[in-house]
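Colleague: I am new to reading helix packing and cavities. Could you take me through them one at a time?

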Amino acid sequence: MSRNANVKISRDTRDMTHGNPYSLILAFALPIFLSQVFQQLYNTADAFIVGKHLGTEAFAAVSSSGTLIFLMVSFFTGGAMGAGVVISRYFGAGDRDKVSRAIHTALALGIVCSGILTFVGVIFTPQLLTWMKTDPDVMPEAVEYFRFYFLGSFAMVMYNICKGIMNAVGDSRRPLYYLIFSSLINIALDWLFIDGFEWGVWSAAAATVISQFASLVLCMIHLLRPGQVFSVSLRRIRFHGDMLREIVRYGLPSGVQNSVIALANVIVQTNINSFGKLATSAYGAHSKIEGFAFLPITSFNMAITTFISQNLGAGKHERAKIGARFGIIAAVVLAELVGIVYYRFAPQFVGFFDNTAKVVEYGTLQARTASLFYFLLAFSHSVAAVCRGAGKAFVPMLVMLSVWCVFRIAYITVVMHFYDSIVHIYRAYPITWAISSVIYLVYYLKSDWIHGFDEKMTKEKI
């Protein structure tokens, strides 16, 4: 398979172009699922420790603009997605030279992007929080928290790039091990800083940054191993023009897609913040809990994208179709099961973070407005993952921009003009999930997404 005899296919990689598609996808998705569980657990531990030890205002400060972090980070993680598609494609095609050049270009891009994110995040945090109508009572702590968080942008961005590299060559186990390790560090530091040293809310962000650096160090130790298909040489980290163009081609639409979703969520949270800090706290608790509903979506989406990219790179179209169907069904079923559990136990889940009666009331209302429609959320994200894996990243960008951003914002703006009720904000989510799912279903069934790479590969040969 390899064009380079001196490069080994490590047991840490997984060639997904051979073997049973179902078992391969499950074996790839399970470690990602577990890593996402640990990710959510330590994010939840952050919120729990802050809420219980520093009070409702501190929890509201952390929750006031969780969507702000997603907005700032999501564009750059789109670049990681683009790099993953390019690496998977050439890994499946057996072109080790292009795999290596894509990896080193992705790392160079991550270094530049993390510098930009650090500068923008640290400098403009107060203005962004003001724009989002953050409650003045929690503004000082919110500024502290987010500035410390963005100081760790390098570790955050580079870890995602490294994780994307490993996933692209079929290794989803090592990112799990590294995340477990960093999760334990994060939780321990949270307790030490907040409960032990009695530091402020900023120390929760500092604990997160330190744990992310630990993950990055472990990733780089692994990637620096010589003689592997994924091997990194620090001296070779630079931009390769052809690889950069491909990464941007596939990553830019994904970055824009993530950003427009995040922008719409910022608008949503801005409207929720206008109802006061109790509504803000409820939204923060709901977001933490809802993160668990995303676990099967995220894990199977990453598996779908890698599976399809590798198989289309190898020219195995029917095999890619089989993997797409299985991944979509698995994500939809599991997400809905999570949604049903959340609907039933919403008051208990929200009360875990903040048992203030009004916070529980707001959080339960949001949960029971959206949770039974998680199957629509899963379907939309899954077909978007199929499109990315097939080199059709522009399609999900267009759908998300028009429906999850433009339509969602327009809906909230119009409805809130006539009805000053928070439930109408909550309804924006299932409504837009339903519209995008219909569009994605038509595209998935009617379009020729399966030949996304064929034309590009023909041009390269010419």
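Modeller: Gladly! Let us begin with handedness: a crossing is left-handed if the near helix is turned anticlockwise from the far one by less than a right angle, and right-handed if clockwise. Helices themselves (H or I, at least four residues) are DSSP runs, numbered from the N terminus, as are strands (E, at least two). Before the case itself, note that this is a predicted model, where local features need pLDDT of at least 70 and side-chain atom pairs count only at pLDDT 80 or more, while totals for chains, interfaces and linings use all residues. Residues are numbered from 1 along each chain as its sequence is written, and side-chain values use heavy atoms, with hydrogens and water left out.

Colleague: Which hand does the crossing of H4 and H5 have?

Modeller: The crossing of H4 and H5 is right-handed. The axes of H4 and helix H5 (residues 139–151) cross at roughly 165 degrees and come within 8 Å. Axes are lines fitted to C-alpha atoms, for helices over the stretch in contact, and angles run from 0 to 180 degrees between N-to-C directions.

Colleague: Which residues of H4 and H5 make the contact?

Modeller: Contact means heavy atoms within 4.5 Å. Among the residues making it are Leu117, Gly121 and Leu129 of H4, and Ala142, Phe146 and Arg147 of H5. For classes, Ala, Val, Leu, Ile, Met, Phe, Trp, Tyr, Cys and Pro count as nonpolar, Asp, Glu, Lys and Arg as charged, and the others, Gly among them, as polar. The contact of H4 with H5 has 11 nonpolar, 4 polar and 1 charged residues.

Colleague: At what angle do H13 and H16 pack?

Modeller: Helix H13 (residues 374–389) and helix H16 (residues 428–446) pack at about 40 degrees, with axes 8 Å apart. That makes H13 oblique to H16. H13 passes H16 in a left-handed crossing. Residues including Phe379 and Val383 in H13 meet residues including Trp433 and Tyr440 in H16. This contact of H13 with H16 has 15 nonpolar, 3 polar and no charged residues.

Colleague: How many cavities does a search of the whole structure find?

Modeller: On a 1 Å grid over the protein atoms alone, a cavity is a set of points where a 1.4 Å probe fits but cannot get out, and lining residues have an atom within 4 Å of a point. Grid points are joined across faces, edges and corners, and a volume is the space filled by probe spheres set on the points. The search finds 2 cavities of 30 Å³ or more. The second largest cavity holds about 40 Å³ of space.

Colleague: What lines the second largest cavity?

Modeller: Its lining includes Ile32, Lys163 and Met302. H1 gives the largest share of that lining, 3 residues.

Key:
1 Å grid on protein atoms, 1.4 Å probe; cavity = no way out; pocket = protein on both sides within 12 Å on 5 of 7 lines; lining within 4 Å. Parallel < 35°, antiparallel > 145°, perpendicular 65-115°, else oblique.
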